[in-house]
Each structure stands twice: as C-alpha cells, then as structure tokens.
Amino acid sequence: MSLLEVGNLNVQFHKDGKKIRAVKDLSFHVGEGEIVGVIGESGCGKSTAMRALMGLLGKEADASCGRFCFLGEEGTFSPNKVQKKMAMIFQDPFSYLNPTVKIGKQIEQAVRIHSGGNKKERKQRVCDLLEMAGIRMPKQRMSQYPHELSGGMRQRVVTAIALACNPKLIIADEPTTALDVIVQGQMILLLKRIAKETKAAVLLVSHDFGVIASMCERVYVMKEGTFIEQGTAEEIFYAPQKTYTKDLLKNARRTRIKADATETEEVLLKLSNVTKLYSNRFTQGKAAQKEGVQNISFAIREGETFGLIGESGCGKSTLAEIVTGQKRPDAGEMYYRSFRTDLLKKSARKKYLEKIQMVFQDTCESLNPKMTAGKALMEALRADKRQILTAEERKERAVQILKDVGLTEEDMWKYPKEFSGGQRQRVCIARALIRNPELLVCDEAVSALDVSIQTQILRLLKEIQRRTRIACLFISHDLEVVGKISQNVGVMYLGSLVECGNTQEICTDPWHPYTKQLLECKPDPDPKKARRKKYAPLRERQEKPNKGCPYLGQCGYRMECCEKAAPPRYQFGSRKVACFLYSKEHRKGNTDMPMTSQI
Amino acid sequence: MAVYTMKRITVGMISLFVLVTVTFFLTRMMPGSPFEDGNVSASVTEAMEEEYGLRDSPVKQYRTYMTNLLKGRLGVSYKQQGVTVESIIGNAAPVTASLGAAAVITAAVAGTGLGVWRAVSKKKTVRILLSGGTLLGAGIPNFVAALLLLLVFGVTLKWFPVTGLFTPAHYVLPVLSLSFYPTAVVAEMIYNTFAEEMKKEYVVLARAKGMGFWQIAVFHVLKNAWIPVLNYLGPLSAFLLTGSFAVESIFNIPGLGREFVSSVMNRDYTLIMGLTIFMGSVVIGVNLFTDLLCAWLDPRVRNSYLEKRWGD
C-alpha cells in the first residue's frame, strides 16, 4: 500500500504579471518505509514541489493537485497548511535555525506542538530526539546557540526537529549538500538508521548521484519541473534511458580532464613553513586556542594547477589570503619567482599582487549588481597604472576576453542578475584574466555550481591554461573536482598540510589516514558499491589538540608518539606525508625497499 | 563580558573627564559675568566675582573645581542664592526622567505595534495609511507636535490639562508630543526588519514544525527584529532622559531641559557644569546599558564582544 500518492501536482509563481510554471504535472508515489530519491539540477523545481507537498509554499505561489492521498486519506492537499506526520529536513542548517534562540528551545517548540506534555516530559523528549539524531551529551547541547555548533551538528538538530512529530514521511531536501564529505557520510548513515528505526519513509531530494545511490531504492529524475525518468536505483544508474540522465551520470562519474606534465617549468610561487594563527573566538576561559594555518610548504610551477583540498574551516581560505597578499604570514617564507614577498611593504607588494588574481565561490556577491559585465571588466583595466589604455582599447580588450571565456559581445551590457550561475562565473574568470595574471587563485570557484556546469567551467579553465600557461591554485572541498583539474594536490586538515604530491597517485593510493578517509567517504554514483560502503562512525568534530598530530582525534592508526609531537614531513620522491607511520622507526618490513602506503 | 563592561566604563569615565574639561574652559570663555546685572554697579560685580573666586586664573579655578568634584560637590548655584546644584538637579531630574521614560516606553510599544500591524495587514488602505502616518510622524518636529496637541486637546477640546505636571492626566500631552517622532521611526524600523525576518529560512522551519503565524511572529521574528531597534532606542532614551527644552517650555514643566537653557542664559557656571556632568553620565550609562541588552538578546553580538577582548 502506498503511503503517499500524488497525481498531477502543479505549481505556478506569479511574478511581474507573468506566470512561471515551476512544477508541471508531477505524479509519483512513495511506499511505506521506502526510501525514494528525486534527482535533478538546481532550479528544476525539486524544492518547490517538496514544499508544496509539505504545505510550506508562500502566498505568491499557486498550487493545485489532481490526486493527493496521504496515509490513506484522500484529498488532503493544502499548499499553505502544514501536513502533520510529514516532516522536512532542510539544506542549509545555519539559516534554517533561529540564531538567537537556544537549540533546546527550538526543538522543544516542535515537541510542544506535536506531543504536548509538561516541562519535564518535554525536556526528556528533546533529549531523546537529540540522541536519536546522533548528538552526544544532549543535555549540554540544549543550552547552546546554533552558531556554537559545527555544520554537521546543526544538521542533526534540524533532523531532531523533523523527528519531533513522529513523521510517517520525512522529506529530506538536499540534507547533505552544505556539509563536508566526511560529515556527509555520517549524515547518510544517520538518515538510513532513522528510516530503519522509525519505519518512516524518506523522500530524498538531491543533485548528488552519489548520495542518491547510497540510500535510495527507487529514483525519479527531474528536469524543468517534470519527472522525465523513473525506476529502481539499478535501472537508473546502470541502464538509463534518457540522454539527460546519461549526461548527468557521465558528469558525476570521474572524467579526468587531461593534464599536461609540467615538471620542467620554473617555480612560480613557493611557500615554505608559512604560519598564520588567529585566536579562536569561542574559547573564552580556556587556554587561548589558535586556529589558522601552520607550517605550510608547497610550490606552484608555471602552467601548473595545484589543488588544495580540505573540509570547511581547515584554513584553505586563509592560505588563499596569504598567497594573494591580503594577509601577512606570522612566520615562514614566501617567494614569488625569486623575490621574497612576505616581508615587502604594502606598496612594494602591489607590484607582484597584480600578477595574482582571484576567482571566488559566490558569483552573486563578487560582482557588483549595479555594474554591467563590460563595465566590471573595463574597470579592472582602468585600474592598471602601468599601461594607460583609451576607452576604445579597453572595450576591445573586454570584448576579446569575454569571447575567450565563451561569452558573446552582447553580454557586455548585461547585469549580473541577467546571467545564469555558470555564466556569472565565466564573467568572474574574465575579470580575473583581463589583467594577464600569472597565477589564478580559485577559491571554491565551482562549488556552488551544478555538476554539468562544473565540468564546463573546469574545461574552460584547462583550455585557458593551455593557451596562456597561467598557473592556478585551485581550492576546493571536493576531491572529485580537484582530481579532475590538478596535476599536484595538497590535502589540508585543521591548518596543516598532511599530504602533498601528484594528484593521480594520491587519488588512487592515499598514504595519509585522513586522505584515505576523504576518498572513502565520497559516495560513488553506483548503488551496489555505495550501499556496501562503510562510513566512519558518527563522531563529533574534535577540537584541535594542543600538541601532537592534528588528526589525532579521528585517526584509526594513532600511536603513542602521535600525542607527543606533530609529525614532520617525510618526503618520498614527489610525495610528502606528515604522519609518523612513514618515519624510520615505525616503518614495517624491509627498509631498503621504496616506501609504499602503510595503511 | 565583565572585562568588556569594565573597559566600557573606563572609556566612559575618560570621555566624561574630557567633557568636563572642555565645558569648563568654554564657560570661562563666554563673554560677560554671572553677576552682571543692569541694576548693580561694576564694583559690586567685581566684589561678587572676587568672593566666588572668579578673578583667579582659569587654570586655578579649574583645579579648585576638580578638587571639589572629586569630593562629590557640584557647588552652589550663582543665581539661585544658597541653593546647591545637587538639589536643583535632584528636583528637576525625576520630572524629566518620568516624562522621558514614559515617552520611550510609548514609542517602543506603539512603534512595535504599528510596525507589525503594517507588515502583516492584508488591507491595502491600512498599509497606505500607516506608511503615510509614519512619514508624517517622522517629519513633524516635536515642538510643532506639542503646539498642535496643545491647541486641539488642551485649548479647544479641553480634554487634558495644559501646564505643569501634577496628575497622570498632565503627562498625556507632553509624552505624546515627545514620542511622536520616535514612534514613527520605531514603526518604520520594525516594519522593515519584521518583513525581512519573515522571509528568513528559519521561519520556514518554524512553519514546518507546525507553529502558528503569531507564535512565529512573537517568538522567533520579533526578537530578531528588535535588535536594530534597540540600537536606536539607546541614544533616544539618552536624549529624552536629559530633557527636551521645547516641550518642557511649552507645557511649563520644571524639567532639566528648561534648567539647562536658563542656566546658560544666566551664565550660571556651576549649574551648567553640574548639568553637563549629569547628562553626560546618563548618555554614557544608557548607551552601555543598551549595548549590554543587545548582547543579552543576540548571542552573536555577545561573541563579537568577547572577540574584541582578544584583540587582533
């Protein structure tokens, strides 16, 4: 028997007198206790459809439904009234929690509405819910504010709120998208466990084939407001019918964009033992904990792409700020070609800073909404003091560079909001390139884009690199993306570079335990493999230990010496690893043989 | 938090000291003498000045004044013979404070109500009327409002008494005219922040929890919408608690504002100094209080204070 049956769901938005059909004739069903996936790219109407089901649409939307049957009751569809026994887990756990209300209170409100009870009973229920959502020490957590928790913890709080109504159906709308890979793995595990324990059905909405593959039994593929394909997970993943699904799958699987070997080129940027530390803001009372980056060393050659990966808060962006000269390192040396740059005064730094340009993650925020694309480009040229161009020349250059990044001359006079996300990122890249930089720093430049657009942008970057021999520091939390584009890669964990070397080697044969965990946590877009996958157990993010290895708290290979001091970097050929497993004393077997992975 | 508060108090003390010093020398630079009067001869004035120590060099006078101040003495009024500055402030301050507090509360309550009403009302006429009303309220200076109220409700309709401050009924007109402008500003701010906060995603989550509209509005949204208002109410209360000369004059209320203006007219040096110190302390105190209140309401602000403590 079906838990939920929906026939011909339509949603329209009224905007400036026009009608926009966001969801068109959607029909589907969810069985009891079933996990059903809905996959589609951003803007295809997934979230709108789910909100319509849940009864969370705003006033400006207009929804109708041919058939709606939930829990065996016919015709209870109401776009503006919240369904009981249905709960929703949202994407971004930060903006969905009220920043000024303690989390215990926020959960308690849901408990009060759905089960009532006196103060003590409610509190007990909140504790139970938090425990069910995988939060340890719920009593202490209850009196904390959302900003005091990590992303994964916040998502668990949102999950606990969803569980408060004893739902029969949980709609999970991109529940793992805003999370780091390792936390994402834990979240998948948690959702699976909850589905099993509460016997609730789950409707999982995601753009990530890996996540869908590791959880769902049946899958719907959505495009422009309708389901274009449906079937069991095996059918969709192994024998897709529609070209759209095939394309999506192809982009999701690793397609390596060919990288050129650049071993002989001159070193462009070199960092050695660069350190920059900040005081941690949430540790009043305790000994002043520091965060930032510590002892970072790597080099980027001309025409090379160096990938930098790590979870959020590991210091990637701090490093980008140091490289681009916005921040001065506390210690260590930084060389640009053969000049030492970390000691330069601000005015002297400018000269080399012009050679480094940046592309940011958020395309909306990094372009001035009141400036057309052409204006933004020409402004960058006008700032160039060395070569003064006439207005005509500036315009010519701007048009040329727009064409280089795959846009047209007409796009010169468009405002940022008239572009799509991918096009906007192209404008950002054009703006960075127009000054002929030698190094491009891309800080999560493709993280906010859909997979197919991501591939396009990566191809574009590669193409530009082939043409101009520009070097690129590519920062991302996504190993997949970095693996596609970079020749060399550095893996960061809590401010330290734990492993560094050739991308291909690291991706196929990780040496550091953290790199291994990162690689393992990425869910494969392959249901059979993904379901078998064992994720690391639910573990709360630990504070950085004051001494010893930064990865100490999470490591399965910890030894006595790991607690005493941070491991130095051991170098084997082009690969550097910061782990005691690779020290002389701990090496297994014959010490004359070349070093192999110890894990 | 305690360290932050201490730091703020220290900074407040220093600014108070600077304020006292600057005011002291400014008063001495004013032309004329406190004892100049058409009816007395120059020699009498000189004798009076001698007695009050005004013939000494300003620096010496300043030293004497500061010594007395540190002992907690504000001195004797030059004009109202034999009356201490403390007693003048002691008489006038409660009058102004009660008026100001009533006006602040009126502005906060009425402003919030009107703002929320405007934000949630489905009737277009109500929204237009309220937005026009706030515009008008923000545009009328308080002395004009006071005169209008006086004319309509005091003189023509005779609903409320017009002078003095003896019964609760006496409060109605001055409080209304004082709170006219702040009410409009608060209403406008609440309207904007409320509408903005209502669009935030935590409201969607609250709806998904099954909370009703007013539950969400009161519990979740108003708390967040109030934070910017609080930042405005701080300086406003300081302004109102230290008196409004125009309104106090129109309704003939013996408050601080009136005392202040007459002290300047009379060149009553000690009274000017006393009132400056008093008002300065009130302004600094109220601003500190609202900042702390903000920190209490918003944990993020609390953290930013703690961050400041670590420097960098």
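**Words and their cut-offs**

Guide: Let us start with B:L288, which has its place in helix α12 (residues 269-297) of chain B. The model is predicted, so local features need pLDDT of at least 70 and side-chain atom pairs 80 or more, while totals for chains, interfaces and linings use all residues. Residues are numbered from 1 along each chain as its sequence is written, and chains are lettered from A in the order in which they are written.

Visitor: Why is B:L288 called partly exposed?

Guide: B:L288 has 17 other C-beta atoms within 10 Å; a residue is buried at 20 or more, exposed at 12 or fewer, and partly exposed in between, and therefore B:L288 counts as partly exposed.

Visitor: Which residues is B:L288 in contact with, leaving aside its neighbours within four places in sequence?

Guide: Those residues are B:R8 and B:G12, where contact means that C-beta atoms, placed from the backbone, lie within 7 Å. B:G12 is 276 residues from B:L288 along the chain, and their C-alpha atoms are separated by 8.9 Å.

Visitor: What makes α9(A) and α16(A) oblique to each other?

Guide: Helix α9 (residues 243-252) and helix α16 (residues 451-468) of chain A pack at about 55°, with axes 9 Å apart. Angles under 35 degrees count as roughly parallel, over 145 as roughly antiparallel, 65 to 115 as roughly perpendicular and the rest as oblique, and therefore these two helices are oblique. The contact is made by A:D247, A:L248, A:N251 and A:A252 of α9(A) with A:V451, A:S452 and A:T455 of α16(A).

How values were computed
Axes fitted to C-alpha atoms, helices over the stretch in contact; angles between N-to-C directions. Helix = DSSP H or I, 4+ residues; strand = E, 2+ residues; numbered from the N terminus. Contact = placed C-beta atoms within 7 Å.
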